[in-house]
Every structure is written in C-alpha cells, then in structure tokens.
Amino acid sequence: MKNRIGIAIIAVISILSSSFFVPGCSIGSAYILIDSRSDLMKPTFCLYWDPYFQEQLDIGKIVVCKALRSSEEKGRWELDAPVNTDQKVWQLEYKTSGFFIFNLIKRLFGHQPSSPVSCLTYGEVPPGYEEKVKALPLEPEELYIVWMEQHDSLRESEPLKFIIRLNGTGVPDRLEYRGRDYIFDGIQYYLRLY
C-alpha cells in the first residue's frame, strides 16, 4: 500500500513539474465544437483536445454569456464583433470533492465517481453537475460566447462565439459559430434546421 501511495505521489509531481518547468511544454488549450445533430435552440457543446476535433475531453465547467449592446448599437451582430460587456446566461460545473491532486490520486487507485461528460446540451443538467447559473432561453440574432474547462485539469478552451440566425420570415433557420480565426480561417460554419 505504501508503495502505491509513493508511486502516485511521484507520478503527480512528475506530471506537474513537466508541465511547468520543461521548456516548450505547456498545459495548452482545449477546443469547443457544436454538435451538428443538436437542436437549433438548444445546442450541444463538445470539448476536444485538438483543433481537428479527434479526441474528446471530460467537461468540468461550461459558461455561456450573452454579449450586451449599448442603446446606440443597432443592427445585426456579426461573429467578429468586439464584446465589451456580457451577461452569464448559463453556468454548469461538475461537482468534485477535494482538490485536483487528491482527485487524480483517487483515480490512480481506481475510484471512479459519477463520470463527467464530454458534451453538454444547453439547459440540461446531467448527473454529477451543478447549475451555478440557471439557463435563460437563447434569443435569435444575439451574440453568445462559450468557455469550457476540462475536468480535473488546468486545460481550458478558447472562447467560441455563436448566433442563432432568423430567415426572411422570422423563423430560426441556422446557427453560425466560430472559434479562433487561425483554426477556422475566418470562415463561418452553419447548422441548418430541416
């Protein structure tokens, strides 16, 4: 038993020291993708390790904010609009007991509490999560910003902006979203409601 504890402590120290002290090595970013099968007014956000969306990560926290405009600002939001102020419209966190290192040691010994998920649908609270800010209804033609953090990690996502667009008759028609420019080269991506 003492050997297992010693090995776990050495493993944690090695991981942490390699992340902070090895030149060129960093915690890095995670990447958000909106699932194309999700409902237009209740998008599903997934967290990934890489910008090519190959390896999913467990979500520890999600925050969705609505960009606020001043009374002088009129017209249609664009995804590249600068955001000065925002309002949290949903915040969800995975409930963990203890600190990151203790949870990591518990996992090394095989203790698995209710598992965090890699995708979250707006407004839905899966088991093990706690709603810190109750979800407000999403509004078409408003700009929203999403951030996520990986569970039991220092890795957090780059922000993702999205807008639910109306068609010519005033019906929600598509969801436009964009992450960082260098990933998507400024191209807008759409989900269409059929």
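Me: Which residues is V64 in contact with, leaving aside its neighbours within four places in sequence?

Reply: In this predicted model, V64 is in contact with F45, Q87, K88, V89, W90, Y122, Y144, I145, V146 and F162.

Me: Why is F45 called buried?

Reply: The relative accessible area of F45 is 0%. Buried means under 20%, and F45 therefore counts as buried.

Me: What makes F45 and F162 an aromatic pair, and why is the pair called tilted?

Reply: The ring centres of F45 and F162 are 5.7 Å apart, and rings pair if their centres lie within 6.5 Å. The planes stand at 50°; stacked requires under 30 degrees and edge-to-face over 60, so this pair is tilted. F45 belongs to strand β2 and F162 to strand β9, 117 residues apart.

Me: Why is the pair of Y144 and F162 called stacked?

Reply: The angle between the planes of Y144 and F162 is 20°. Planes under 30 degrees apart count as stacked, so the pair is stacked. The centres of these two rings are 5.3 Å apart. Y144 lies in strand β7 and F162 in strand β9, so the pair ties together parts that are 18 residues apart in sequence.

Me: How do you know that Y144 is buried?

Reply: Y144 has a relative accessibility of 1%. The cut-off is under 20%, so Y144 is buried.

Me: What makes the charged end of R155 count as sitting over the ring of W49?

Reply: The charged end of R155 is 3.7 Å from the centre of the W49 ring. The distance limit is 6 Å, and R155 therefore meets that part of the rule.

Notes:
Residues numbered from 1 in each chain as written. Predicted model: local features only at pLDDT ≥ 70, side-chain atom pairs only at ≥ 80, totals over all residues. Heavy atoms only, no water. Contact = heavy atoms within 4.5 Å. Phe/Tyr/Trp six-rings, centres within 6.5 Å; stacked < 30°, edge-to-face > 60°. Helix = DSSP H or I, 4+ residues; strand = E, 2+ residues; numbered from the N terminus. Buried < 20%, exposed > 50% of the residue type's maximum accessible area, 1.4 Å probe, protein only. Lys NZ or Arg CZ within 6 Å of the ring centre and 35° of its normal.
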